[in-house]
Amino acid sequence: MKHTIKELEDIASQIRRDIVRMVHGCQSGHPGGSLGCADFFTALYFEVLNHKKDFSMDGVGEDLFFLSNGHISPVWYSTLAHAGYFDKSELATFRKLDSRLQGHPTTHEGLPGIRIASGSLGQGMSVAIGAALTKRLNGDKSYVFTLHGDGELQEGQNWEAAMFAPFHELDTLICSVDYNGQQIDGPTKKVLSLDSLQAKFEAFGWHVINTDGNDMRSIVEGLHYAKTLTGKGKPILNLMSTQMGAGVDYMMGTHKWHGTAPNDEQLATALAQLPETLGDY
C-alpha cells in the first residue's frame with residue numbers, strides 16, 4: 001500500500017473539514033453526498049488510481065476518473081488539491097465569482113483534474129464508455145473509473161449505457177455507485193424505488209461487488225479487488241453503501257443535508273467532530 005489505513009483516514013478527515021468549510025463559506029453547495037464519499041475519493045486518488053499531477057485532458061497511459069453526480073464537487077476539489085493538482089488555498093474560492101471551482105465541475109475554467117462538465121445527472125457512464133473505447137482503440141490498457149449517485153440511476157440514459165458496456169466487453173471500466181438511499185426530495189425508495197441494483201446490473205451482464213464506502217479498509221480492498229476482475233469480458237460495478245453526511249452526526253442519514261449549507265454554529269459543531277490533520281486552507 002502507498003499509505004496505511006490510518007494515513008488515509010487522516011486525509012479523509014481533512015477533506016471532510018474542507019467540505020463543510022467550503023459550503024459554509026459561500027452558503028451554497030452539497031455537503032451530504034460529499035461527506036459520504038470522502039473515503040472513496042481518498043482511497044481512489046491516494047491508493048488506487050494511476051494518475052499524473054501534470055494534468056492532460058487526453059490522459060494517455062494513466063487511469064481516468066469521471067464524476068457523474070457532479071453536485072458533490074466539494075469532495076473532488078478538496079481531493080484534487082491535496083493530491084497536488086492545485087494549491088489548496090484555492091478552495092476558499094468555491095462557488096464565488098470568477099472561481100475555477102464552480103458548484104458543478106466544468107472544463108472551460110481549465111481546472112486540472114476535470115475532464116468533463118457534470119452538472120446534468122445521468123451522463124457519466126456514457127462518457128466513461130467513450131473513454132474506455134478510445135483507450136481500447138489506442139492499445140492503452142489503463143482503467144476508467146466513475147462515480148454515480150443512486151438517485152441519479154433513475155435517469156434512463158444510465159440503462160442504455162449499462163447495456164452497451166457489457167455488450168462491447170468493456171472490461172477496463174470500474175463504476176461505483178454511492179448507495180446511500182437518499183436524494184434531494186427524500187429517500188430513493190419513496191421518490192422512485194431502485195429495488196435491487198445488484199440484480200439489475202448482473203442481469204445486464206456486469207460483475208457486481210459490494211463495499212462499505214465509509215470503511216477505509218473495505219473501500220481500498222474493494223477497489224483493488226475490482227481491478228483484479230478486469231480483462232475478463234465484463235465491466236465492474238462497485239455497489240458502495242454509504243451514509244449521506246458521514247462524519248458529521250447531525251447530517252448523517254438524511255436527505256435534508258443534500259444541498260443545505262451549515263450556519264456558523266453548525267459549522268463549529270461539524271469541525272469539532274473532524275480532526276484537522278493536514279492543515280486547513
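Begin by selecting strand β1 (64-67) and strand β2 (144-149): the two run parallel and are joined by four bridges. Strands are counted as paired here if DSSP finds at least two bridges between them. Helices (H or I, at least four residues) and strands (E, at least two) are DSSP runs, numbered from the N terminus. The model is predicted, so local features need pLDDT of at least 70 and side-chain atom pairs count only at pLDDT 80 or more, while totals for chains, interfaces and linings use all residues. Residues are numbered from 1 along each chain as its sequence is written, and side-chain values use heavy atoms, with hydrogens and water left out.

**Around Phe65**

Stay on β1 and display its side chains. Leu64 and Phe66 point one way, Phe65 and Leu67 the other, and all are buried; buried means under 20% relative accessible area, exposed over 50%, and partly exposed in between (1.4 Å probe, protein chains only). Across the pairing, Phe65 stands opposite Phe145 in β2.

Next, select what surrounds Phe65. Leaving aside neighbours within four places in sequence, Phe65 has contacts (heavy atoms within 4.5 Å) that include Phe41, Tyr45, Trp76 and Phe145.

**The nonpolar cores**

Which residues touch the most other members of the largest nonpolar core? They are Phe41, Tyr45 and Phe65, in a core of 58 residues. Such a core is a set of buried Ala, Val, Leu, Ile, Met, Phe, Trp, Tyr and Cys residues joined through side-chain atoms within 4.5 Å. Among the elements that give two or more residues to this core are α1, α3 (38-48), β1, α4 (73-82) and β2. Helix α1 gives the most, with 10 residues. A second, separate core has 25 residues, including Val144, Ala162, Cys175 and Phe201.

**Helix α1 and the residue after it**

Select residues 5-26, which form helix α1. At 1.5 Å a residue, its 22 residues should span 32 Å, and its end C-alpha atoms are 32 Å apart, which agrees; the expected span is 1.5 Å times one less than the number of residues. Since 16 of these 22 residues are buried, α1 is largely enclosed by the rest of the structure.

Now move on to Gln27, which follows α1 and lies in the loop between α1 and α2 (31-36). Its phi is near 55 degrees, a positive value in a residue other than glycine. Most residues other than glycine have a negative phi. Gln27 is partly exposed, with a relative accessible area of 48%.

A further stop is Asp98, in the loop between α4 and α5 (124-137). Phi of Asp98 is also positive, near 70 degrees, and at 81% relative accessibility this residue counts as exposed.

**Strand β7 and its partners**

Select β7 (236-241), where five of the six residues are buried. Strand β3 (residues 173-179) pairs with β7 in the parallel sense over six bridges, and Tyr179 has Ser241 as its bridge partner. Strand β6 (residues 207-212) is also parallel to β7 and joined to it by six bridges; there, His207 is partnered by Ile236.

**The cysteines**

How many disulfides are there? The count comes to zero, a disulfide being a pair of cysteine sulfur atoms within 2.5 Å. From Cys26, the nearest cysteine sulfur is that of Cys37, 19 Å away. The sulfur of Cys37 is itself 14 Å from the closest cysteine sulfur, in Cys175, too far for a bond. Cys37 is buried, with a relative accessible area of 0%.
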